[in-house]
Amino acid sequence: MKGVRPDGTPITVMAVDDSPVTRKMIKKALEPEGFLVVGEAGNGKEAVELYLNLQPDIITMDITMPVMDGLEAAAAIKDINPGQKILMLSAMGDNDLLNEARARGINDFCSKPFKPEQIIEKILIILQSRGETY
Ligand SMILES: [Mg+2]
């Protein structure tokens, strides 16, 4: 169970994507490993609002979404909590975009379509970088 800490508590995740199908795929990838998806948002504005209550260990963030895109939402969340860990998930992966994502504090990037083990591995690497061990 890669999504459970040695003390038995799950790693909490907020899944942000305007596609309900993709959100379902993220849940399906993570929950069998014990991760807990504590919230889902369909656009960046919803994500920022929900974030204030949830404060998950990790956020998976789509880029292209209506109302507020993932880059704006990531920047707004980093303003609230500069230490928040964010994994960007997107079909778009050109260098300009990746550089902009990094400039906004996104920790890592996973291209769509993704395999379950790819997101799991990236999440674990991101969380290890803050000094926790899993
Ligand atoms: Mg999208």
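**Checking the labels**

Mentor: Start with the contacts: among those joining residues at least 6 apart in sequence, 62% link residues at least 24 apart. Keep in mind that this is a predicted model.

Trainee: What pattern does the chain follow along the sequence?
Mentor: Reading along, you get β-α-β-α-β-α-β-α-β-α. That goes with a count of five helices and five strands.

Trainee: How do you know that the radius of gyration agrees with a compact globule?
Mentor: For 134 residues the globule rule gives a value near 14 Å, and the chain has 13 Å, so the two agree. The C-alpha trace spans about 35 × 30 × 30 Å along its principal axes, and 32% of the residues count as buried.

Trainee: Why is Gln 55 called partly exposed?
Mentor: Buried takes 20 or more C-beta neighbours within 10 Å, and exposed means 12 or fewer. Gln 55 has 16 inside that distance, so it lands in between. Its place is the loop between α2 and β3, and its phi is near 40°, positive although the residue isn't a glycine.

Trainee: And what makes Val 67 partly exposed?
Mentor: Val 67 has 13 C-beta neighbours inside 10 Å. Exposed would need 12 or fewer, so Val 67 counts as partly exposed. Val 67 is in the loop between β3 and α3, with phi near 70°, again a positive value in a residue other than glycine.

Trainee: Which residues of α3 are buried?
Mentor: In α3, residues 70-80, they are Gly 70, Leu 71, Ala 73, Ala 74 and Ile 77. Looking down the axis of α3, these buried residues fall within an arc of 160°, so they line one face of the helix. They pack against β1 (12-16), α2 (44-54), β3 (58-61), β4 (85-90) and α4 (95-103).

Trainee: How do you know that the span of α5 is close to the expected one?
Mentor: Helix α5, residues 116-128, has 13 residues, and 1.5 Å a residue leads you to expect 18 Å. From first C-alpha to last, α5 reaches 19 Å, close to that.

Trainee: Which residues are buried in α5?
Mentor: Ile 119, Lys 122 and Ile 123. They cover an arc of only 100° around the axis, which puts them on the same side of α5. What covers them includes α1 (20-30), β3, β4 and β5 (108-111). The face turned away from that buried side carries exposed Glu 117, Ile 125 and Gln 128.

Trainee: What makes the bond from Lys 112 to Pro 113 stand out?
Mentor: That peptide bond is cis, with omega near -5°. Pro 113 is in the loop between β5 and α5.

Trainee: Which residues touch the most other members of the largest nonpolar core?
Mentor: Of its 31 residues, Val 13, Met 14, Val 16, Met 61, Ile 86, Leu 87 and Met 88 do. At least two core residues come from each of β1, α1, β2 (36-41), α2, β3, α3, β4 and α5. In soluble globular proteins, nonpolar side chains tend to be buried together.

Trainee: What does Val 13 touch?
Mentor: Leaving out residues up to four places away in sequence, Val 13 touches Leu 30, Phe 35, Leu 36, Val 37, Val 38, Pro 56, Asp 57, Ile 58 and Thr 60.

Terms used: Residues numbered from 1 in each chain as written. Predicted model: local features only at pLDDT ≥ 70, side-chain atom pairs only at ≥ 80, totals over all residues. Helix = DSSP H or I, 4+ residues; strand = E, 2+ residues; numbered from the N terminus. Arc of directions from axis to C-beta. Contact = placed C-beta atoms within 7 Å. Rg over C-alpha atoms; globule rule 2.2 N^0.38 Å. Expected span 1.5 Å × (residues − 1). Core = buried A, V, L, I, M, F, W, Y, C linked by C-beta atoms within 7 Å.
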